[in-house]
Amino acid sequence: MKSSAPMFLQKLFDMLHAMPSFLGGWCHGGSAFEISAPLEFARLVLPQYFKHSKYTSFVRQLNFYGFVKGAKVSDVATSVVFQHVHFIQHKPHLMRRIKRKTNHSNEAFNQDAVEAVDELRRDVEEIKATLSGLDAQLKQLQEVVKVTMTLLEPFQFKPPPPLHQELLEEAIAYYMPARSEDDDWSRKSMEAQFEEDVARNPYSIETWTSYLNLLHTKPSGHRLSKERVALFRRALSYVPLSYKLWKRFLDESYALVRGLRIDRPELVELTLLYEDALVHLHKMPRIWLQYLSLLDHLRWGTRTRRVFDRALRALPITQHKRIWGPYLAFIHAQGVASTAIRVYRRFLMFDPSGREEYVRYLLSMELWEEASIQLVHVLNLPHPPSSRHALWMELCSLISSHPDDISSALNVDAILRSGVHLFSDEVGRFWCALATYYMRLGMFESARDVYEEGLDPTSPELSRTLHLYEDLAERRPLLLNAVYLRQNPHSVAHWHQRIALTSTTTTSTSTTTTTPSPILIVQTYTEALKTIDPSFAVGALSSLWISFASFYEAHDDVANARAVFEKVRHRLASSFRSLDERAAIVCAQIELELRHGAFDAALEFARAACRQKPVMRSLKLWHLRVDLEESLGDVPSTRSAYEHLIDLKLATPGLVLQFTAYLETHAYYEHAFHVYEKAVQLFPAFPHAKPIWTAYLAAFTHRYQGTKLERARDLYQQVLNVAPSLPHVQLELYQFYIKKAQQLAGVVAVRAIYERAMGHLPNETVWQLGLEFCRFETLLGELQRARAIYAHIGQCCDPRQHEDSFWTKWHAFEIEHGNEETFLDMLRIKRSVQM
């Protein structure tokens, strides 16, 4: 069943069954295979099955057949594990399901295929180039094999000295298929081969590395095995300067002791091993750093410091930077100030730019004297690391806070006075620091003299500082407003604020406010209107135009105020985004004309504006228009304005009622009723229709009194039909209807309305109208009707909720007009409803 699988997979399966365990084999229960030493595997095993010794080509073939890398099963760094879902040790029949990738649309696969083809071509060219030379070597090899086979018959096998490395590999490849499965014999034979290689060339690092890869012995506790240590020692005795071998020896030893307690002897042995390595590799900073890390872990403070010093002496100065960083961190962690100061002084000889870091350490350790001296040195540098101002302020604070600990070599008075001249904006701080220094030393007379000198009004520094402060205090609001306008030049509110600040200024000698030249304010208005883009304006831009015109009007310059409005009125659509802003401009212009007695012009402006498309749908403008028509116009023009407003569907219920009141005032009753009809069509729904219907019914009944009852009844019927199903709305309409019927109709008509309402209203409001119906019948002397109504609406009133509002009134009615039987009926109904 295996024969149907690809040839590569068949060879791979056979190779894994025959391969020695120290080179690899099956793992994970047969679902994967491991290659422990890829270099030896490629050199010794691959040529037997695939006619080449290139490990990368072998891995590429695995990738082509879909093999992936799996989890390692050993601690060997070079170990690699491959697996495939259909490549299993005990199920070789599944190999026929493995197919080589043929999807050329995959970009990554195409790249691998191209590289594989190129590599095969190069191999073919190399083979062709060396083919002629291989013929002679092949004949020679055949002769060697014949002699070897002859010797094996009577004697124990002892391989002859190989002619060269290639002949040895060919001989091993020849005998490999015929060897036994005994891995110990294979390992010993390989060790014997490496011993011969080492004996032949003991200075080859690659040979020793391969030998170490082959010799994987189990560690002895937390130490390397004696065999592996001996092999490392042998190799290093020949190549003692090999960084590669020493690094491997140290890393393997360190890996075994990692995590142990610091008092274990294995760690001490590791330190000795590092000392041996540094005898030969004292110019390698990485070895020093690893050794120092180990010593720091062991908490050997003095020895660690001495090793740091040894490293600085051994390494060239170009490598010192790598040592000083960990050295300073180690010194900080130790917390011994005297040692740290000596180390830092050495470090400053190497890197003077680290003096500020030294100052920070001294301050943290509260070594004020040394810190003050070093801080002065930092200030004397031509280019200090930090800001010179910050360093001066830090020195000032240090001197004033710890005067007793400051070095006597420093002239504190001269230092702080020089700071006064250097930083004129920090004069007060330096004077206060100098005075505090003297006070803490107990020299109060000197401190008072310093304060008086600092407050001397003749001092040019003080005078200039006070003058600058006053000027800044005066200009602060204007400067702050300028900052806001730079952030958003289209803010209308900030331009209003700037105009207000420009309108009032304060002199530097008094608090009297003076009004600046109007020209400056006009220039500010002009700058604001030119700067603000209407499409980006934040706030109502119209308020700025209106304020500009109001400024001219306040200065009795009405002509310029009109000019401002005319200028903006001709570009309403482009200058303002909203209808309200455009209407505000027009209304402000009309009010300007009204304030100055131009009533006819104001009315004409209003009429013309209502015909302009940008503002014709503004309700604010129409309010002003109809007010002007009622005050200044005639009845036809007023009616025309109101009717146009209703036709545009801009009218509100309030405007409709205002129009009908105007018509009724001028005795246009039928036209007023016509307006009511149009209004109820324009506002068919409640609650907007309620005031219109109420005014309509009141005006109709007042106009015709007891006549035209059919038309009145029809109107009430309409309002009841359109009234919403809200209980309180229906109740109010029926009460209004009954009130008018009592005034104009007879008892029969009123009773019919009551009866209709009782059947139409819901339970939560029917009892209220029912009580009115009972009072109506009681006044007429119809006690039986009233009692029947009480019994009817009593079914809707829970005594727990309507005791005072209903049942008390029925109780009073029965006490006054009933008897024992009727009273018991009332109580029976009350109990049934309550249950």
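**Figure 1. Arg299 lies in the loop between H12 and helix H13 (301-314).** Helices (H or I, at least four residues) and strands (E, at least two) are DSSP runs, numbered from the N terminus. The model is predicted: local features need pLDDT of at least 70, side-chain atom pairs count only at pLDDT 80 or more, and totals for chains, interfaces and linings use all residues. Residues are numbered from 1 along each chain as its sequence is written, and side-chain values use heavy atoms, with hydrogens and water left out. Arg299 has a positive phi near 60° although it is a residue other than glycine. With 64% relative accessibility, Arg299 counts as exposed (buried means under 20% relative accessible area, exposed over 50%, partly exposed in between; 1.4 Å probe, protein chains only).

**Figure 2. Helix H12 (residues 285-297) packs with helix H14 (residues 320-334).** The angle is about 10° and the axes are 10 Å apart; axes are lines fitted to C-alpha atoms, for helices over the stretch in contact, and angles run from 0 to 180 degrees between N-to-C directions. H12 is therefore roughly parallel to H14 (angles under 35 degrees count as roughly parallel, over 145 as roughly antiparallel, 65 to 115 as roughly perpendicular and the rest as oblique). From H12, Pro285, Arg286, Leu289 and Asp296 meet Arg322, Ile323, Pro326 and Phe330 of H14, where contact means heavy atoms within 4.5 Å.

**Figure 3. His28 occupies the loop between strand S1 (24-27) and strand S2 (32-35).** His28 is not a glycine, yet its phi is positive, at about 55°. Its relative accessibility of 38% makes His28 partly exposed.

**Figure 4. The largest nonpolar core holds 119 residues.** Such a core is a set of buried Ala, Val, Leu, Ile, Met, Phe, Trp, Tyr and Cys residues joined through side-chain atoms within 4.5 Å. Leu12, Phe33, Phe58 and Phe87 touch the most other members. Helix H20 (residues 427-440) gives the most to this core, with eight residues. Because domain 1 (7-99) and domain 2 (205-426) both give residues to this core, it lies between them; the domain bounds come from an automatic or database domain assignment. Apart from this core lies another, of 61 residues, including Leu541, Phe551, Cys610 and Ala699.

**Figure 5. Glu581 is found in helix H28 (residues 579-595).** Glu581 counts as buried, at 13% relative accessibility. Not counting residues up to four places away in sequence, Glu581 touches Gly539, Ala540, Leu541, Ser542 and Phe576.
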